[in-house]
Amino acid sequence: MKASVSAILFSLFAATASAAPCSTTSAGFDAWKADFAKQAQKAGVGKRGLKALQSTKYSQSTINADRNQKSFKLSFEKFMQIRGADTIVAQARRKKAKNPNFYGSLEKQYGVPAGILLAIHGMETGFGGFMGDSSVVSSITTLAFDCRRSEFFIPHAIGALKLVDQGSITIATKGAKHGELGHTQFLPGNALRYGVDGNGDGVVDFYNITDAMASTANFLRQKGWRPGVGYQQGQPNFAVIQEWNAAGVYQKAIANMAARIDG
């Protein structure tokens, strides 16, 4: 016998009402985690990931950072100055010259030139100089719980737990305030989907330069990067740079620096 429409609507309402709500403060975080664990398990998260979820702590520093993203509102010139674009370009040229075969092999395999990869690497972490000081799993779980962009971060929180399952990260792994991880600061869901074992050791390790750069190149290629085609504004590959970061000033900075590095 088919359930009536009213009965179906009631059951949906009851399921929603029973789910632990998001919040804009730390209140209710533990209750939400218990509820989220069920969702994560249904999504395929295993024992290690669920154990990591239990160990997460609400990150007030992550929330503070999320509410204070002012640099992306700067003019292009000011943004380039504050981010040290000239220094990044100079260092990137030296890195490219020192290891041309590595970057050449990545371009041969993925079609992404060294300038783009080095510009991202330099902009994100100063070429691995600082990859973050916050717990990746706690940060991304906090953002999944926070009401401001919960729907966006929930898949990345699940991604982080699956990365724990596969051994790419642990509850102790440090990253940026928004849960970005590794040399080029992948969001966990993207790390899970586009990660590549570049050095062939059986583990996708985003804190290993070979894996991180191969994964970054793979992300861009999978997002539609076309080998040998331009990447400045108005050219086909600029749309792919937009997939990496949503801030317009950041996108322009990457394209500008990459051209100077490759030029």
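## Stop one: the disulfide

The torsion about the S-S bond of cysteine 22 and cysteine 147 is about 100°, so the disulfide is right-handed. Select both residues: their sulfur atoms sit 2.0 Å apart, inside the 2.5 Å limit within which a pair of cysteine sulfur atoms counts as a disulfide. A search of the whole structure turns up 1 disulfide. Cysteine 22 lies in the loop between α1 (5-18) and α2 (29-42), and cysteine 147 in the loop between α9 (136-145) and α10 (150-166), so the pair ties together parts that are 125 residues apart in sequence. Helices here are DSSP runs of H or I with at least four residues, strands are E runs of at least two, and both are numbered from the N terminus.

(Buried means under 20% relative accessible area, exposed over 50%, and partly exposed in between, with a 1.4 Å probe and protein chains only.)

Before you move on: this is a predicted model, where local features need pLDDT of at least 70 and side-chain atom pairs count only at pLDDT 80 or more, while totals for chains, interfaces and linings use all residues. Residues are numbered from 1 along each chain as its sequence is written, and side-chain values use heavy atoms, leaving out hydrogens and water.

## Stop two: helix α8 and its partners

Now select α6 (residues 85-98) and α8 (residues 114-125). Their axes come within 10 Å and cross at roughly 130°, which makes α6 oblique to α8. (Axes are lines fitted to C-alpha atoms, for helices over the stretch in contact, and angles run from 0 to 180 degrees between N-to-C directions; under 35 degrees is roughly parallel, over 145 roughly antiparallel, 65 to 115 roughly perpendicular, and the rest oblique.) Show side chains to see Ile88, Ala92, Lys95 and Lys96 of α6 making the contact with Ala114, Leu118, Gly122 and Met123 of α8, where contact means heavy atoms within 4.5 Å.

From α8, Ile116, Leu117, Leu118, Ile120 and His121 meet Ile209, Met213, Thr216, Ala217 and Leu220 in α12.

## Stop three: the core

Which residues touch the most other members of the largest nonpolar core? Among its 73 residues, they are Ile116, Leu220, Ile254 and Met257. (A nonpolar core is a set of buried Ala, Val, Leu, Ile, Met, Phe, Trp, Tyr and Cys residues joined through side-chain atoms within 4.5 Å.) Centre on isoleucine 254: setting aside neighbours within four places in sequence, its contacts are Ile116, Ala119, Ile120, Met123 and Ile241.

## Stop four: two positive phi values

Most residues other than glycine have a negative phi. Pick phenylalanine 127, in the loop between α8 and β1 (134-135): its phi is near 60°, and the residue is buried at 11%. Then jump to glutamine 185, in the loop between β2 (174-175) and α11 (188-194). Phi is near 60° for glutamine 185, which is buried at 10%.

## Last stop: glutamine 233

Buried or exposed: what is glutamine 233? Exposed, with a relative accessible area of 52%. Find glutamine 233 in the loop between α12 and α13 (238-244). Beyond residues up to four places away in sequence, glutamine 233 touches Phe238 and Lys252. To finish, draw a distance from glutamine 233 to glycine 49: their C-alpha atoms are separated by 41 Å.
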